[in-house]
Amino acid sequence: MKLVDNKATLTFSNGSPSVDLPVYGGSIGPDVIDIRKLYAQTGMFTYDPGFLSTASCQSAITYIDGDKGELLYRGYPIEQLATHCDYLDVCYLLLNGELPDDKQRGDFHKLVTNHTMVNEQMQFFLRGFRRDAHPMAVLTGLVGGLSAFYHDSTDINNPQHREIAAIRLIAKMPTLVSMAYKYGIGQPYMYPRNELSYAGNFLRMMFGVPCEDYKVNPVLERALDRIFILHADHEQNASTSTVRLCGSSGTNPFAAIAAGVACLWGPAHGGANEACLNMLEDIQRNGGVAKVGEFMEKVKDKNSGVKLMGFGHRVYKNYDPRAKLMQETCNEVLEELGLGNDPLFKLAKELEKIALEDDYFVQRKLYPNVDFYSGIVQRAIGIPVNLFTGIFALARTVGWIAQLNEMISDPEYKIGRPRQLFTGSPRRDVPGAKK
Ligand code: ACO
């Protein structure tokens, strides 16, 4: 963070003295006005619900240009990473700042593979849940529960503990997500197989059974790996900020990541892929493509409470670059599975076409986000709708961990503690209380 040759001056119409505020510049993107001393100098706070104009930290991990529709992990465009790297390369990049060379790649893959099993006792913990529990409820519990199993990596201030916790979380998430799935359908858990790729191993743990061999389909393996890459990080979104805020108290990494899982669950965030597929299925049940126009009228009617799920984004005011890549993967997977005429895919494309031409969406700069097509891909692979957000959590774990570790290593970090504009009752007395 460097001072730029500029400063902001805040003046007040009531004659209070004006204050100069330093301005810092990053490597790209908007400059920031440093208001840390504002309260000390003026007795005032800033007001910014939803953090529309507030940078909560400095970060060197992910950069988004929402107007251009650009997403960079450590400077590399998402399109290049999605076509030239696998998910574990991207994990290495997010955690370490550089892509691995051949040796680093081999060592990292081996390290993650060696940590894929979970403590056998986790099975009994899982059994405490109802079979019909939502997988995100189960995952929030299991991830938080890891801190009870791995005492030797819970000191967030110890860099080695942070590194071991990072590898453990990345390695064990696929095992936990597939265990949550198998538990729900009453099938035996599948232990990981170390000779398979990260995505291939996950497919086998999800869809394999102990009484048969499971052959990984390379098209589905690549599709899943791409879903993981596209969801790996997305700078200071709601769940990542939750992880940072939670971790800022010094809590252990497993607890902080569990907070991220809980936040991701919401339909305005990671739950959007589930909500989007439910929406498509609903429209299909009620008449499909023929009813798209009627549905869009409801979306535009503010009183209906209906939103076009998978559309719109706080940061992207242009096409989400991940949505393009996801649409490509959607084509590949549906073709491989002989589902080229999938009615939901047709419906999604029709909705997108109408929305991109409709004034309501054009004026508000609403474009498809990554979740618009990812649900169709996951459904085609055989992943049940209520597990979609769990897959997102699996993929985002590396981003959460990279951001958490970056925060802890930042000498400027403090416990997160926002202020408020109080609008409640001033001091008053309980009837009968001594004044
Ligand atoms: N359908 C219809 N109208 C929408 C939609 C939508 N999906 N998204 C935004 N709008 C409208 C809003 O009603 C608002 O209209 P107004 O100006 O007339 O009041 C305008 O567009 C601006 O929207 P905001 O809600 O102010 O934008 P914000 O940045 O706060 O919200 C959000 C972004 C939450 C993602 C929103 O677009 C949304 O709810 N989308 C649907 C859910 C979704 O797909 N979420 C996934 C996000 S990506 C992710 O987490 C991986």
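The protein is divided into domain 1 (2-55) and domain 2 (82-415), with bounds that come from an automatic or database domain assignment. The C-alpha centres of domain 1 and domain 2 lie 36 Å apart. The structure is a predicted model, in which local features need pLDDT of at least 70, side-chain atom pairs count only at pLDDT 80 or more, and totals for chains, interfaces and linings use all residues. Residues are numbered from 1 along each chain as its sequence is written.

In the unreviewed UniProt entry, the annotation "active site" covers His313 and Asp371; UniProt positions are given in the numbering used here, feature names are shortened, and annotations may be inferred rather than shown by experiment. The annotated residues span 59 residues in sequence, yet no two of their C-alpha atoms are more than 10.6 Å apart, so they gather at one spot.

His313 lies in the loop between α13 (292-300) and α14 (321-336). Helices (H or I, at least four residues) and strands (E, at least two) are DSSP runs, numbered from the N terminus. His313 is buried, as 24 other C-beta atoms lie within 10 Å. Here a residue is buried if 20 or more other C-beta atoms lie within 10 Å of its own, exposed if 12 or fewer, and partly exposed in between, with C-beta atoms placed from the backbone. Residues up to four places away in sequence aside, His313 touches Asp320 and Asn369; two residues are in contact if their C-beta atoms, placed from the backbone, lie within 7 Å.

The other annotated residue, Asp371, is found in helix α17 (residues 371-381). Asp371 counts as buried, with 28 C-beta neighbours inside 10 Å. Apart from neighbours within four places in sequence, Asp371 is in contact with Ala272, Asn273, Cys276 and Gly310.

The surroundings of the ligand come next. The ligand is surrounded by 18 residues, and the closest are Ala272, Lys307, Phe311, Gly312 and Arg314. A residue is counted as near a molecule or strand if its C-beta atom, placed from the backbone, lies within 6 Å of it. By class, this shell has eight nonpolar, six polar and four charged residues. In this grouping, Ala, Val, Leu, Ile, Met, Phe, Trp, Tyr, Cys and Pro count as nonpolar, Asp, Glu, Lys and Arg as charged, and the others, Gly among them, as polar.

Beyond four places in sequence, the contacts of Leu94 include Ile61, Tyr73, Ala232 and Val398.

Helix α3 (residues 87-96) has eight of its 10 residues buried, so it is largely enclosed by the rest of the structure. Among the buried residues of α3 are Val90, Tyr92 and Leu94. Tyr92 has 23 other C-beta atoms within 10 Å and is buried. Neighbours within four places aside, Tyr92 is in contact with Leu99, Pro100, Gln104 and Phe108. The C-alpha atoms of Tyr92 and Asp67, 25 residues apart in sequence, are 28 Å apart in space. Just after α3, Gly97 takes a positive phi of about 95°.

Most residues other than glycine have a negative phi. Glu235, however, has a positive phi near 40°, and lies in the loop between α9 (218-230) and α10 (238-247). Glu235 counts as partly exposed, with 19 C-beta neighbours inside 10 Å. Lys365 also has a positive phi, near 55°. Lys365 sits in the loop between α16 (359-363) and α17, and is partly exposed, with 13 other C-beta atoms within 10 Å.

Two exposed residues complete the picture. Asp20, in strand β2 (residues 19-25), is exposed, with 10 other C-beta atoms within 10 Å. Beyond four places in sequence, Asp20 is in contact with Lys7 and Thr9. Ser304 lies in the loop between α13 and α14 and counts as exposed, with 11 C-beta neighbours inside 10 Å. Ser304 and Asp34, 270 residues apart along the chain, have C-alpha atoms separated by 41 Å.
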